[in-house]
Amino acid sequence: MNTIRSAWREPMVWMLVGLPLASVAIGFALLFAAVHPGREDMETVGRVTKVGKLLVSAEAAQSPAEVSTEGVVLRTKGDMVEVLPLDGDFPRGGRLTLTLSDSSGEQRIVHLSPSELGWRGVGSLDRDRDWTVRLASDSGAWLMHGRWAPQARSIRLMP
């Protein structure tokens with residue numbers, strides 16, 4: 001009756017060994033998820049840069065000049081859409097195109113006019129839906145794009 005059981009047959013030993021091993025495995029899984037970007041990160045950002053370069057030409061005959069910019073912030077305020085430059089070197093004016101990312105592909109175009117801080121236009125969007133955003137000059141000399149996620153208050157567009 002006094003037989004000695006192996007230590008691996010005791011439940012307490014499995015708990016003392018299994019829980020730390022499980023936490024290490026979960027830690028590596030979280031590290032893997034944090035290091036590798038997802039599909040949405042690749043679409044929105046493209047590449048990570050602090051300052052982007054934007055080629056701008058005032059007229060079609062002119063050669064484009066390179067302008068350093070950190071981009072713009074796009075936000076809605078009531079029935080208005082505002083575009084605020086993050087630095088002073090940004091060219092003014094443009095057209096904002098909002099396209100739904102779902103199967104309907106609904107598109108809205110907002111023409112922007114200069115304001116005291118940047119420029120703004122009359123237009124609204126359903127903030128519960130996913131939008132693809134393109135900001136371009138009227139002449140087509142430059143273009144910025146991004147993604148407006150549902151429930152977002154503002155987004156940053158970069159060249």
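Q: Where does Thr-76 sit?
A: Thr-76 is part of strand E3, which covers residues 72-77. Keep in mind that this is a predicted model.

Q: Buried or exposed, that Thr-76?
A: Buried: its relative accessible area is 17%, and the cut-off for buried is under 20%.

Q: What does Thr-76 touch, leaving aside neighbours within four places in sequence?
A: Thr-76 is in contact with Val-81, Leu-125, Arg-127, Trp-148 and Arg-153.

Q: Trp-148 turns up there. Which contacts does Trp-148 have beyond four places in sequence?
A: Thr-76 is one of them, and Leu-74 and Arg-75 are also on the list. Trp-148 also contacts Leu-125, Arg-129, Asp-130, Trp-131, Val-133, Arg-153, Ser-154 and Ile-155.

Q: OK, the largest nonpolar core: how many residues, and which have the most contacts inside it?
A: That core has 20 residues. Those with the most contacts inside it are Leu-74, Leu-96, Val-133, Leu-135, Trp-148 and Leu-157.

Q: And which strands each supply at least two residues of this core?
A: E3 and E4 do, along with E5 (94-100), E6 (107-114), E8 (131-136), E9 (143-148) and E10 (154-157).

Q: Switching to charges. How many salt bridges are there?
A: The count comes to 6 salt bridges.

Q: What does Arg-75 pair with?
A: Arg-75 forms a salt bridge with Glu-82, with the closest N and O atoms 2.7 Å apart. Arg-75 is partly exposed at 29% relative accessible area, whereas Glu-82 is buried at 5%.

Q: And what about Arg-120, which partner does it have and how far apart are the closest N and O atoms?
A: Arg-120 also forms a salt bridge with Glu-82, and the closest N and O atoms are 2.7 Å apart. Arg-120 lies in strand E7 (residues 119-122) and Glu-82 in strand E4 (residues 80-85), so this pair ties together parts that are 38 residues apart in sequence. Arg-120 itself is partly exposed, at 26%.

Q: What does Glu-10 bridge to?
A: Glu-10 forms a salt bridge with Arg-5, the closest N and O atoms being 3.3 Å apart. Glu-10 is partly exposed, with a relative accessible area of 33%.

Q: Now helix H1. How many residues, and what does it reach from its first C-alpha to its last?
A: H1 runs over residues 11-35, so 25 residues, and reaches 36 Å, close to the 36 Å expected at 1.5 Å a residue.

Q: How many buried residues are there among those in H1?
A: The count is 0, so H1 is hardly covered.

Q: Take Val-13 in that helix. What does Val-13 touch, not counting residues up to four places away in sequence?
A: Val-13 touches Ala-7 and Trp-8. Val-13 is partly exposed, with a relative accessible area of 25%.

Q: Which residues form a nonpolar patch on the surface?
A: Trp-8, Met-12, Trp-14, Met-15, Leu-16, Val-17, Leu-19 and Leu-21 do, with about 900 Å² of accessible area together.

Q: Where does Met-15 lie, and what is its relative accessible area?
A: Met-15 lies in helix H1, and at 43% relative accessible area Met-15 is partly exposed.

Notes. Residues numbered from 1 in each chain as written. Predicted model: local features only at pLDDT ≥ 70, side-chain atom pairs only at ≥ 80, totals over all residues. Heavy atoms only, no water. Salt bridge = Lys/Arg side-chain N within 4 Å of Asp/Glu carboxyl O. Buried < 20%, exposed > 50% of the residue type's maximum accessible area, 1.4 Å probe, protein only. Helix = DSSP H or I, 4+ residues; strand = E, 2+ residues; numbered from the N terminus. Contact = heavy atoms within 4.5 Å. Expected span 1.5 Å × (residues − 1). Patch = residues over 30% accessible without salt bridge, like charges linked within 9 Å, V, L, I, M, F, W, Y side chains within 5 Å. Areas by Shrake-Rupley, 256 points an atom, 1.4 Å probe, with all protein chains shown as cover. Core = buried A, V, L, I, M, F, W, Y, C linked by side-chain atoms within 4.5 Å.
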